[in-house]
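Please keep the sequence and the 3D view open while reading.

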Amino acid sequence: MIAAVIPVAMALFATAALLNLYRLTIGPDIVDRILALDTLMINSIALIVLSDIWMGLGMLFELALLIALMGFISTVAMSKYLLRGDVIE
Amino acid sequence: MTINVILEGVISFLLIAGGIFVFIGSLGMTHLRDFYMRLHGPTKATTLGIGCILLASMLYFWGAQGKPDIQEILITLFLFITAPVSAHLLAKTGLHLQLPHVDKTQGRPFELRDEEIGDKPVPHPDRGHG
(Lines give C-alpha, C1' and ligand atoms only; values in the text may rest on other atoms or scores of the structure.)
Protein backbone atom coordinates (compact mmCIF):
# COMPACT_ATOMS: atom_id res chain seq x y z
CA MET A 1 0.00 0.00 0.00
CA ILE A 2 2.84 2.37 0.81
CA ALA A 3 4.46 1.80 -2.59
CA ALA A 4 1.22 2.97 -4.22
CA VAL A 5 0.76 5.95 -1.91
CA ILE A 6 4.24 7.48 -2.12
CA PRO A 7 4.00 8.58 -5.82
CA VAL A 8 0.69 10.32 -5.04
CA ALA A 9 2.26 12.20 -2.14
CA MET A 10 5.28 13.03 -4.29
CA ALA A 11 2.98 14.44 -7.00
CA LEU A 12 1.22 16.61 -4.38
CA PHE A 13 4.52 17.92 -3.07
CA ALA A 14 5.85 18.59 -6.58
CA THR A 15 2.69 20.54 -7.46
CA ALA A 16 3.06 22.52 -4.24
CA ALA A 17 6.67 23.30 -5.16
CA LEU A 18 5.55 24.50 -8.60
CA LEU A 19 3.00 26.80 -6.96
CA ASN A 20 5.78 28.13 -4.72
CA LEU A 21 7.91 28.79 -7.80
CA TYR A 22 5.00 30.68 -9.35
CA ARG A 23 4.70 32.90 -6.29
CA LEU A 24 8.49 33.31 -6.23
CA THR A 25 8.39 34.50 -9.84
CA ILE A 26 5.45 36.91 -9.72
CA GLY A 27 5.72 37.95 -6.07
CA PRO A 28 4.88 41.64 -6.01
CA ASP A 29 7.14 42.36 -3.06
CA ILE A 30 10.37 41.01 -1.67
CA VAL A 31 8.72 39.64 1.48
CA ASP A 32 6.53 37.44 -0.70
CA ARG A 33 9.65 36.03 -2.29
CA ILE A 34 11.24 35.34 1.10
CA LEU A 35 8.07 33.52 2.16
CA ALA A 36 8.04 31.50 -1.07
CA LEU A 37 11.69 30.49 -0.58
CA ASP A 38 10.99 29.42 3.00
CA THR A 39 8.05 27.28 1.90
CA LEU A 40 10.14 25.80 -0.91
CA MET A 41 12.77 24.75 1.63
CA ILE A 42 10.09 22.99 3.72
CA ASN A 43 8.74 21.24 0.60
CA SER A 44 12.21 20.06 -0.31
CA ILE A 45 12.60 18.58 3.19
CA ALA A 46 9.37 16.66 2.66
CA LEU A 47 10.53 15.42 -0.76
CA ILE A 48 13.84 14.24 0.74
CA VAL A 49 12.03 12.34 3.50
CA LEU A 50 9.63 10.79 0.96
CA SER A 51 12.47 9.64 -1.30
CA ASP A 52 14.17 8.21 1.78
CA ILE A 53 11.10 6.05 2.44
CA TRP A 54 10.84 5.22 -1.29
CA MET A 55 14.42 3.96 -1.51
CA GLY A 56 14.36 2.41 1.96
CA LEU A 57 17.69 3.92 2.95
CA GLY A 58 16.97 5.50 6.32
CA MET A 59 20.07 7.69 6.15
CA LEU A 60 18.97 11.00 4.62
CA PHE A 61 17.81 12.68 7.84
CA GLU A 62 21.00 14.63 8.38
CA LEU A 63 20.46 16.20 4.96
CA ALA A 64 16.87 17.15 5.87
CA LEU A 65 17.99 18.62 9.20
CA LEU A 66 20.72 20.62 7.47
CA ILE A 67 18.27 22.03 4.93
CA ALA A 68 15.80 22.94 7.70
CA LEU A 69 18.55 24.77 9.56
CA MET A 70 19.75 26.65 6.48
CA GLY A 71 16.19 27.65 5.54
CA PHE A 72 15.44 29.07 8.96
CA ILE A 73 18.74 30.95 9.23
CA SER A 74 18.43 32.46 5.74
CA THR A 75 14.82 33.56 6.38
CA VAL A 76 15.79 35.19 9.68
CA ALA A 77 18.83 36.88 8.13
CA MET A 78 16.88 38.36 5.20
CA SER A 79 14.03 39.50 7.48
CA LYS A 80 16.42 41.12 9.92
CA TYR A 81 18.24 42.86 7.11
CA LEU A 82 15.00 44.28 5.72
CA LEU A 83 13.73 45.16 9.19
CA ARG A 84 16.78 46.78 10.76
CA GLY A 85 19.21 47.45 7.93
CA ASP A 86 21.72 45.10 9.48
CA VAL A 87 21.82 41.39 10.21
CA ILE A 88 23.76 41.31 13.48
CA GLU A 89 23.66 44.50 15.47
CA MET B 1 11.02 -6.25 6.34
CA THR B 2 7.51 -7.07 7.40
CA ILE B 3 5.14 -4.30 8.37
CA ASN B 4 1.78 -4.83 10.01
CA VAL B 5 -1.23 -4.06 7.81
CA ILE B 6 -2.73 -1.62 10.29
CA LEU B 7 0.59 0.20 10.64
CA GLU B 8 0.83 0.34 6.86
CA GLY B 9 -2.65 1.87 6.64
CA VAL B 10 -1.75 4.47 9.26
CA ILE B 11 1.45 5.36 7.39
CA SER B 12 -0.43 5.69 4.09
CA PHE B 13 -3.08 7.91 5.69
CA LEU B 14 -0.41 10.14 7.20
CA LEU B 15 1.42 10.44 3.88
CA ILE B 16 -1.73 11.41 1.97
CA ALA B 17 -2.85 13.81 4.72
CA GLY B 18 0.56 15.49 4.80
CA GLY B 19 0.60 15.89 1.02
CA ILE B 20 -2.88 17.41 0.99
CA PHE B 21 -2.03 19.82 3.83
CA VAL B 22 1.16 21.01 2.13
CA PHE B 23 -0.65 21.41 -1.18
CA ILE B 24 -3.39 23.50 0.48
CA GLY B 25 -0.75 25.66 2.14
CA SER B 26 1.00 26.38 -1.15
CA LEU B 27 -2.33 26.94 -2.89
CA GLY B 28 -3.24 29.52 -0.26
CA MET B 29 0.12 31.22 -0.67
CA THR B 30 -0.42 31.40 -4.41
CA HIS B 31 -4.05 32.45 -4.61
CA LEU B 32 -4.73 34.79 -1.71
CA ARG B 33 -4.73 38.49 -2.48
CA ASP B 34 -2.71 40.07 0.28
CA PHE B 35 0.65 39.45 1.94
CA TYR B 36 -0.94 39.33 5.38
CA MET B 37 -3.36 36.69 4.11
CA ARG B 38 -0.65 34.82 2.23
CA LEU B 39 1.37 34.45 5.40
CA HIS B 40 -1.29 32.15 6.88
CA GLY B 41 -0.92 29.30 4.42
CA PRO B 42 2.72 28.26 4.76
CA THR B 43 2.94 28.93 8.47
CA LYS B 44 0.08 26.69 9.54
CA ALA B 45 -0.93 24.20 6.86
CA THR B 46 2.59 23.47 5.63
CA THR B 47 3.92 22.97 9.16
CA LEU B 48 1.13 20.49 9.94
CA GLY B 49 1.78 18.66 6.66
CA ILE B 50 5.50 18.31 7.26
CA GLY B 51 4.72 17.05 10.78
CA CYS B 52 2.48 14.33 9.27
CA ILE B 53 5.19 13.32 6.78
CA LEU B 54 7.92 13.07 9.42
CA LEU B 55 5.62 11.08 11.74
CA ALA B 56 4.90 8.68 8.87
CA SER B 57 8.62 8.32 8.19
CA MET B 58 9.32 7.61 11.85
CA LEU B 59 6.57 4.95 11.98
CA TYR B 60 7.84 3.35 8.75
CA PHE B 61 11.43 2.98 9.88
CA TRP B 62 10.26 1.87 13.31
CA GLY B 63 8.25 -0.90 11.68
CA ALA B 64 10.92 -1.79 9.15
CA GLN B 65 14.00 -1.82 11.34
CA GLY B 66 12.46 -2.67 14.68
CA LYS B 67 13.86 0.22 16.68
CA PRO B 68 12.56 3.78 16.91
CA ASP B 69 14.56 6.58 15.33
CA ILE B 70 15.06 9.85 17.14
CA GLN B 71 16.14 12.05 14.23
CA GLU B 72 12.63 12.59 12.83
CA ILE B 73 11.47 13.84 16.21
CA LEU B 74 14.43 16.23 16.13
CA ILE B 75 13.49 17.59 12.69
CA THR B 76 9.81 17.87 13.67
CA LEU B 77 10.63 19.71 16.88
CA PHE B 78 12.99 22.07 15.08
CA LEU B 79 10.42 22.88 12.38
CA PHE B 80 7.61 23.36 14.90
CA ILE B 81 9.76 25.74 16.93
CA THR B 82 11.15 27.77 14.05
CA ALA B 83 7.99 28.20 11.93
CA PRO B 84 6.28 30.75 14.26
CA VAL B 85 9.55 32.64 14.72
CA SER B 86 10.09 33.10 10.99
CA ALA B 87 6.39 33.97 10.51
CA HIS B 88 6.63 36.63 13.22
CA LEU B 89 9.75 38.12 11.65
CA LEU B 90 8.15 38.12 8.18
CA ALA B 91 5.00 39.83 9.51
CA LYS B 92 7.10 42.48 11.25
CA THR B 93 9.05 43.03 8.04
CA GLY B 94 5.82 43.39 6.06
CA LEU B 95 4.50 45.95 8.54
CA HIS B 96 7.80 47.81 8.46
CA LEU B 97 7.83 47.97 4.67
CA GLN B 98 4.16 49.15 4.76
CA LEU B 99 2.99 46.63 2.21
CA PRO B 100 -0.39 47.34 0.59
CA HIS B 101 -3.39 45.43 1.87
CA VAL B 102 -6.94 44.94 0.69
CA ASP B 103 -9.69 46.78 2.50
CA LYS B 104 -11.09 43.75 4.27
CA THR B 105 -7.83 43.10 6.12
CA GLN B 106 -8.35 44.47 9.59
CA GLY B 107 -5.93 46.57 11.63
CA ARG B 108 -4.18 49.80 10.65
CA PRO B 109 -1.14 49.80 12.88
CA PHE B 110 1.25 52.05 10.99
CA GLU B 111 -0.80 55.05 9.98
CA LEU B 112 1.08 58.12 11.13
CA ARG B 113 -0.63 61.21 12.40
CA ASP B 114 -0.08 64.56 10.73
CA GLU B 115 2.26 65.95 13.36
CA GLU B 116 4.43 62.82 13.23
CA ILE B 117 5.06 63.38 9.55
CA GLY B 118 6.12 66.93 10.36
CA ASP B 119 3.37 69.16 9.03
CA LYS B 120 3.12 71.24 12.17
CA PRO B 121 5.31 71.38 15.29
CA VAL B 122 4.35 69.13 18.15
CA PRO B 123 3.93 70.87 21.51
CA HIS B 124 5.54 69.25 24.51
CA PRO B 125 2.76 67.97 26.80
CA ASP B 126 4.11 69.89 29.83
CA ARG B 127 6.04 72.84 28.51
CA GLY B 128 4.12 73.75 25.33
CA HIS B 129 6.24 75.25 22.61
CA GLY B 130 8.83 76.61 25.04
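What pattern does chain B follow, read along the sequence? The answer is α-α-α-α-α. The model is a predicted one, and in it the secondary structure of chain B comes to five helices and zero strands. Chain B has 130 residues, of which 41% count as buried. If one takes the contacts in chain B between residues at least 6 apart in sequence, 66% of them join residues at least 24 apart.

Ile53(B) is placed in helix H3 of chain B. Its relative accessibility is 0%, and it therefore counts as buried. Setting aside residues up to four places away in sequence, Ile53(B) touches Leu15(B), Gly18(B) and Gly19(B) in chain B, and Phe13(A), Ala46(A) and Val49(A) in chain A. Along the chain, Ile53(B) and Gly63(B) are 10 residues apart in sequence, and their C-alpha atoms are 15 Å apart in space.

The second residue is Thr76(B), which lies in helix H4 of chain B, residues 71-96. Thr76(B) has 18% relative accessibility; the cut-off for buried is under 20%, so Thr76(B) counts as buried. A polar atom of the Thr76(B) side chain lies 2.6 Å from the backbone oxygen of Glu72(B). Apart from neighbours within four places in sequence, Thr76(B) is in contact with Gly51(B) and Leu54(B).

Now to the interface. How many residues of chain A are in contact with chain B? There are 48, and they meet 47 residues of chain B. The size of an interface is often given as the accessible area lost when the parts come together. Here chain A and chain B bury about 4200 Å² between them, with 81% of it on carbon and sulfur atoms. On the side of chain A, the residues that lose the most area to chain B are Leu35(A), Phe61(A) and Leu83(A), which together make up 15% of what that side buries.

Polar links also cross this interface. Between chain A and chain B, six residue pairs are in polar contact, counting pairs with both residues at pLDDT 80 or more. Sorted by class, the side of chain A that touches chain B has 33 nonpolar, eight polar and seven charged residues.

Which side chains meet in a salt bridge? They are those of Asp32(A) and Arg38(B), at 2.6 Å from N to O. Over all chains, the structure holds one salt bridge. The pair crosses between chains, running from Arg38(B) in helix H2 of chain B to Asp32(A) in helix H2 of chain A. Are the two partners buried or exposed? Arg38(B) counts as buried because its relative accessibility is 6%, and Asp32(A) is buried with a relative accessible area of 3%.

Two of the helices on the chain A side can be followed along their length. H1(A) has 25 residues and reaches 36 Å from its first C-alpha to its last, close to the 36 Å expected at 1.5 Å a residue. An α-helix has 3.6 residues a turn, so residues three or four places apart point the same way. The buried residues of H1(A) include Ile2(A), Val5(A), Ile6(A), Ala9(A), Leu12(A), Phe13(A), Ala16(A) and Ala17(A). Further along, Leu19(A), Asn20(A) and Arg23(A) are buried as well. The cover over the buried residues of H1(A) includes H2 of chain A and, from chain B, helix H1 (5-31), helix H2 (35-38) and helix H3 (40-65).

H3(A) has 24 residues, which should span 34 Å at 1.5 Å a residue, and its end C-alpha atoms are 34 Å apart, so the two values agree. Among the buried residues of H3(A) are Phe61(A), Ala64(A), Ala68(A), Gly71(A) and Phe72(A); Thr75(A), Ser79(A) and Leu83(A) are buried too. What covers them includes H2 of chain A, together with H3 and H4 of chain B. After H3(A) comes Gly85(A), whose phi is positive, near 80 degrees.

How values were computed:
Residues are numbered from 1 along each chain as its sequence is written. Chains are lettered from A and ligands numbered from 1 in the order in which they are written. This is a predicted model: local features need pLDDT of at least 70, side-chain atom pairs count only at pLDDT 80 or more; totals for chains, interfaces and linings use all residues. Side-chain values use heavy atoms; hydrogens and water are left out. Contact means heavy atoms within 4.5 Å. Buried area is the accessible area (1.4 Å probe) that two parts lose on being put together, summed over both. A salt bridge is a side-chain nitrogen of Lys or Arg within 4 Å of a carboxyl oxygen of Asp or Glu. A polar contact is a pair of N or O atoms within 3.5 Å; within protein, one must be able to donate a hydrogen and the other to accept it, and residues adjacent in sequence count only if both atoms are side-chain atoms. Ala, Val, Leu, Ile, Met, Phe, Trp, Tyr, Cys and Pro count as nonpolar, Asp, Glu, Lys and Arg as charged, and the others, Gly among them, as polar. Helices (H or I, at least four residues) and strands (E, at least two) are DSSP runs, numbered from the N terminus. The expected span of a helix is 1.5 Å times one less than its number of residues. Buried means under 20% relative accessible area, exposed over 50%, partly exposed in between (1.4 Å probe, protein chains only).
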